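Subject: Structure handover and notes

Dear colleague,

I am passing on the structure below, followed by a description of what was found in it. Please read the notes alongside the coordinates.

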Amino acid sequence: MSKPLILVSNDDGITSKGIRVLVSIMKKLGEVVVVAPDSPQSGMGHAITIGETLRLVEEDIFEGIEAYKSSGTPADCVKLAKHYVLKGRTPDLVVSGINHGSNTSISVLYSGTMSAAIEGALEGFPSIGFSLCDYSSKADFSHVEEWVEKITKQVLQNGMSKGVALNVNFPPKQNQDIKGIKICRQADAKWQEEFDERFDPTGRKYFWLAGNFVNFDKGEDNDEWAIANNYVSIVPCQYDLTAHHAISQINKTWDWESLRP
């Protein structure tokens with residue numbers, strides 16, 4: 001029986017510690033192909049490259065693994081893998097990460113890590129984005145490796161709902177073991193942003209985005225609660241952003257006579 005084909009990408013760049021850890025785990029589970037950005041692409045969301053060149057260079061960075069670095073975004077990387085690198089082969093799984101930093105709550109909309117996973121889901125591939133809630137470039141991933149393997153095996157064995165990507169977040173390394181897994185909803189939380197006005201050495205004005213993260217959610221069924229209580233959070237995400245509950249509300253409340261041509 002042939003091994004499953006696993007496509008690996010990320011947003012921290014092909015040389016990050018997180019992707020090295022992820023590749024080492026995936027090697028045990030299947031045939032691995034890596035297509036990842038050549039430099040950090042955090043916060044890119046689902047951006048794609050239009051009207052500019054896209055570079056793709058083969059790299060001998062992971063022993064025994066076919067790997068490429070791209071000048072594009074994480075979503076670009078998945079597209080290049082499908083249309084060029086895999087040469088018609090269909091991946092059994094797309095995994096992205098392991099990200100250095102949280103992708104819980106509203107961060108999923110800005111996340112380059114999750115954009116690679118959601119691009120995989122758009123193409124019909126089972127997809128997972130993995131993130132560790134530790135922003136250090138030297139973050140300790142040792143406590144999450146067994147969980148990455150366990151979750152990946154479940155998806156390979158059981159498949160995924162069409163159009164869904166899993167957003168998996170891990171708490172940082174602590175003195176106690178991870179308590180387990182929580183299948184969650186996305187927390188009602190956001191960044192309250194501030195723009196710090198500054199001046200460069202020539203006197204020209206520029207701005208630096210800052211602010212504080214605020215959690216408005218008091219529930220215990222969301223990803224922020226899970227991470228705060230030392231659980232792995234898993235939020236199933238979809239690319240269909242239709243607010244289905246709002247359709248009937250609009251139909252009932254709008255003055256449709258005034259909108260007639």
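At what angle do helix H1 and helix H4 pack, and how far apart are their axes? Before the answer, two remarks on conventions. This is a predicted model, in which local features need pLDDT of at least 70 and side-chain atom pairs count only at pLDDT 80 or more, while totals for chains, interfaces and linings use all residues. Residues are numbered from 1 along each chain as its sequence is written, and side-chain values use heavy atoms, with hydrogens and water left out.

**The helix pair**

Helix H1 (residues 17–26) packs against H4 at an angle of about 50°, and the two axes are 10 Å apart. (Axes are lines fitted to C-alpha atoms, for helices over the stretch in contact, and angles run from 0 to 180 degrees between N-to-C directions; helices, H or I with at least four residues, and strands, E with at least two, are DSSP runs numbered from the N terminus.) That angle makes H1 oblique to H4, given that angles under 35 degrees count as roughly parallel, over 145 as roughly antiparallel, 65 to 115 as roughly perpendicular and the rest as oblique. The crossing is right-handed, a term used when the near helix is turned clockwise from the far one by less than a right angle.

On the H1 side Val-21, Leu-22, Ile-25 and Met-26 meet Glu-145, Val-148, Glu-149 and Thr-152 of H4, where contact means heavy atoms within 4.5 Å. Glu-149, which lies in H4, counts as buried at 18% relative accessibility (buried means under 20% relative accessible area, exposed over 50%, partly exposed in between, with a 1.4 Å probe and protein chains only). Leaving aside neighbours within four places in sequence, Glu-149 is in contact with Ile-25, Lys-28 and Leu-29.

**The sheet**

Nine strands form an open sheet with mixed pairing, in the order S3-S4-S2-S1-S5-S6-S7-S11-S8; two strands pair if DSSP finds at least two bridges between them. Strand S3 (56–59) and strand S8 (181–183) are at the edges with a single partner strand each, so one side of each has no neighbour in the sheet. From one strand to the next, the twist averages 20°.

Strand S1 (residues 5–9) and strand S2 (residues 31–37) run parallel and are joined by four bridges, with Val-33 in S2 as the bridge partner of Leu-7. Helix H2 (residues 74–85) packs on the sheet, touching S1, S2, S3 and strand S4 (66–70), and its direction makes about 135° with that of S2. Helix H4 (residues 145–158) also packs on the sheet, with S1, S8 and strand S11 (232–238) among the strands it touches, and its direction makes about 170° with that of S6.

Five of the seven residues of S11 are buried. S11 pairs with S7 in the antiparallel sense over six bridges, and with S8 in the parallel sense over three bridges.

**Arg-185**

Arg-185 lies in the loop between S8 and strand S9 (189–199) and is partly exposed, with a relative accessible area of 33%. The side chain of Arg-185 makes polar contacts with the side chains of Asp-217, at 2.7 Å, and Asp-221, at 2.9 Å. (A polar contact is a pair of N or O atoms within 3.5 Å; within protein, one must be able to donate a hydrogen and the other to accept it, and residues adjacent in sequence count only if both atoms are side-chain atoms.)

Best regards
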